[in-house]
Amino acid sequence: MKISILKVIIFSFIIFSLSIFWLGLKINNNYDTKSLIGSQISNFQLTEINNDEQYISREDLRKNKYTLINFFASWCAPCRTEHKYLLSLSNKNKEIKIVGINFKDKKINANNFLKELGNPYGFVGEDADGKTSILFGIYGIPESILLNNELIVIKKIIGPIDQIQHDEILRLTQ
Amino acid sequence: MLSNIGIGLLVLVLILSFLTIYYASSDLKISNQSIKKSIYKLSLFQTTFIILSFFALIIGFINSDFSLINVYENSHTAKPFFYKIAGTWGSHEGSLLLWVNILVIFSYLFLVFNHNHNKKFRLYTLIFQNILIVGFLFFLLLNSNPFNSIYPIPSEGLGLNPILQDPALAIHPPLLYIGFVGCSIYFSAAMGSLLSDYGGKLFALSIKTWVKISWCFQTLGIIVGSIWAYYELGWGGFWFWDPVENASLLPWFAITALMHSLIVLEKRNILYSWVIILCLLTFILSVMGTFLVRSGILNSVHTFANDPSRGIYILSFLSLMIFSALIIFFKNQKKEKYNFNLKSKETFILANNWFMAFFLVTVLIGMLYPIFLDVLTNIKISVGPPFFNIVIIPLVVPFMFLMAIGPKFGWIKSQNKIFYKILFLILGAIVVNLFILYFFGKYSLMSNLIFIAAIFLILYSFLDIKKIINNKNKTELPRIISHLGFGLLVFFIGINHQFSLEEDFNLKVGETKVTNNFNINFEDIKIKENKNYKAVIGNFKLTNLKNNLVQYLNPEIRIYSNPETLTYEAAIKTKITSDLYLTMSNVSRSAYYNIKFQKKPFMIWIWISALMISLGGFIQLIFRKNEN
């Protein structure tokens, strides 16, 4: 068998692909966002929902002692049930700044939602196509992420916040 | 008991495979024209035993014999009879047994039906096929044995995954397996052909029928899977560019290219090396697809079947297959002279192959790139419909023109004067397109081109059919049906894509949602107990605001107890002109239900035209038998 460049390319491509497959087998594919706890969040940038010129990014959150990022939408029914706990958190501990990320929603609906139920958020970011939320490893909403001022995730809540989680957040931020 | 019988039969098949390889190798040295009778007998026994082992497993499922782990894990006494049988191939182990069955049965049939071909070629094919059988049997026995027993014997089984309890899905795996594993026989034949120097026209004739059989079943299997996804998964579409769907498309592109270039090899005795490459590639891609799905590297609806330890085995086997195929190919490859005239049928068939190769590479990149990126950099991305739509759709336009015109050209060189006909039909297609544009609404430039090309192909096919009726020469009919099917498929997908309505909202019982065209009233909710599940059935009253037609749709949420799973059954009202599609899902801790309502025009025609594509193939298979 003569060796030609074409053959070398074909063989190296196949060997490369097969070794990737082999490495791929060793990676744990189970998607589990619990592993995010203790890690720093990735960088993001969002515009304010009613003001396209106002931005928020990861570095802005360093100012806050604690930040609770809450993913919500007006069409999400459980978001309604958790809303009162968010309001209570913002009243009870002034060191927690709550950032709302409005997930795949319409501006008008989101504003009506906040008008109706009250606004616990220091900043409401707009994520109309849901792309930024993916950076945070969001499965579905509601979800909330509690950060400290080093941008490390200290708690992650999947599903609506209830009384127990509300108290837990207060305890963690004492 | 059943466990011992099953394992015993499998071991027998394994021994017979070794014997076949041994006797076939020694028969190679004898230079007469007929293969020893004993080899036929070995192969026949092997086939009988493997079929018996499959029946043994079916009996285990029918009798709910929970001493078999596989039955315990995938069945339940309360399961309907039909799904007990379907459960046999519903699990990884059972489907692998089906896989080996097809390898063995095809090996025997190929041996018997090709008796007038070269002896050496047949023996080499048999040897390679048996090497494949041995490989998969070891995998079956050591890693994924469906006959493993469990003690103490459990009194009840865990049940089959409810999303698999669907008629379309019960026949989906066997169809796909005949399609994908059927490719193994011409993988072996290609190796045999290289080693025995038995190429050209005769080789093409020997594998032609097998290529068609596996093409027909692959096509049908993919369509049935897609129908299942539409009715069962409740995603409201028919193709999602899901990695597993893509894995099934890859061998399909290769085999479609093969089916076409095989005609060139048969009629003109050229493209031999290319045909061999496609033969090898089709089965390699099938095994690669199996590897990606079964190892769990790809995450998708099929991940219930994954386990990394299987991955290592299939991957080693796959590597072995690829390298031996490559080495044998490069060692025995011959230089060919190509002599093509631009205006000849072979040029157009080659063009088909280039398009198929392009589609294949696109889908392959879309599927592998995220895996490579994840492994090398730990970045997770998913390549979705936008990528495939942007890359593939523009190419479909010229592809359809060639599909219409290509078959009109004769072999070698042709003086066909069809220019005016083409011009006339293109104008016709543009007029029809303008008609749709005028009456139904606007769409993009690309959609216009797609519609024109599809209508052109459809019109051309109708003209061809008219010609057939006049000439009474039916040999072209299967080709026309398949090509017409493809034209219609693209056309209806286009219509469906352009004119679908979709609404997504939350409702609770008693509320009404008013959309542009419909009033949707959530009247009430019922709970119904069934044999193996409990159903929450919503009752929705739909009023069409245009003609005040009232219809009731009843989507369900099913709660299966074994294993405990929720499934969402879409309510689908199918009509000739459109489908109404409604799913509901519960929003946790509230009285609201999330409702997804869609009106999808000409949905049923998508299935019909897709089925036409495979129907063409089946008709050709049946006709060919009559000719002989």
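The structure is a predicted model, in which local features need pLDDT of at least 70 and side-chain atom pairs count only at pLDDT 80 or more, whereas totals for chains, interfaces and linings use all residues. Residues are numbered from 1 along each chain as its sequence is written, chains are lettered from A and ligands numbered from 1 in the order in which they are written, and side-chain values use heavy atoms, with hydrogens and water left out.

Chain A contains five helices and seven strands, the assignment being made from DSSP runs numbered from the N terminus (helices, H or I, at least four residues; strands, E, at least two). Read from the N terminus, these elements follow the order α-β-β-β-α-β-α-β-α-β-β-α. The radius of gyration of chain A is 21 Å, well over the 16 Å that the globule rule gives for 174 residues, so chain A is more spread out than a compact globule; the radius is taken over C-alpha atoms, and the rule is 2.2 Å times the number of residues to the power 0.38. Along the principal axes, the C-alpha atoms of chain A fill a box of roughly 80 × 35 × 30 Å.

Of the 174 residues of chain A, 49% are classed as buried (under 20% relative accessible area, with exposed meaning over 50% and partly exposed in between; 1.4 Å probe, protein chains only). Among the contacts in chain A with a separation of 6 or more, 71% are made by residues 24 or more positions apart, a contact being defined by heavy atoms within 4.5 Å.

For chain B, the domain assignment (automatic or from a database) gives domain 1 (1–165), domain 2 (169–300 + 314–329 + 359–383), domain 3 (385–499) and domain 4 (504–604). The centres of domain 1 of chain B and domain 4 of chain B, taken over C-alpha atoms, are separated by 44 Å.

S64(B) is located in the loop between helix 2 (37–62) and helix 3 (69–74) of chain B, and S64(B) is buried, with a relative accessible area of 12%. Residues up to four places away in sequence not being counted, S64(B) touches V71(B), H76(B), T77(B) and K84(B). S614(B), by comparison, lies in helix 17 (residues 603–627) of chain B and is buried at 2% relative accessibility. With neighbours within four places in sequence left aside, S614(B) is in contact with W215(B), C216(B), T219(B), L220(B) and I223(B). The C-alpha atoms of S614(B) and F401(B), which are 213 residues apart along the chain, are separated by 20 Å.
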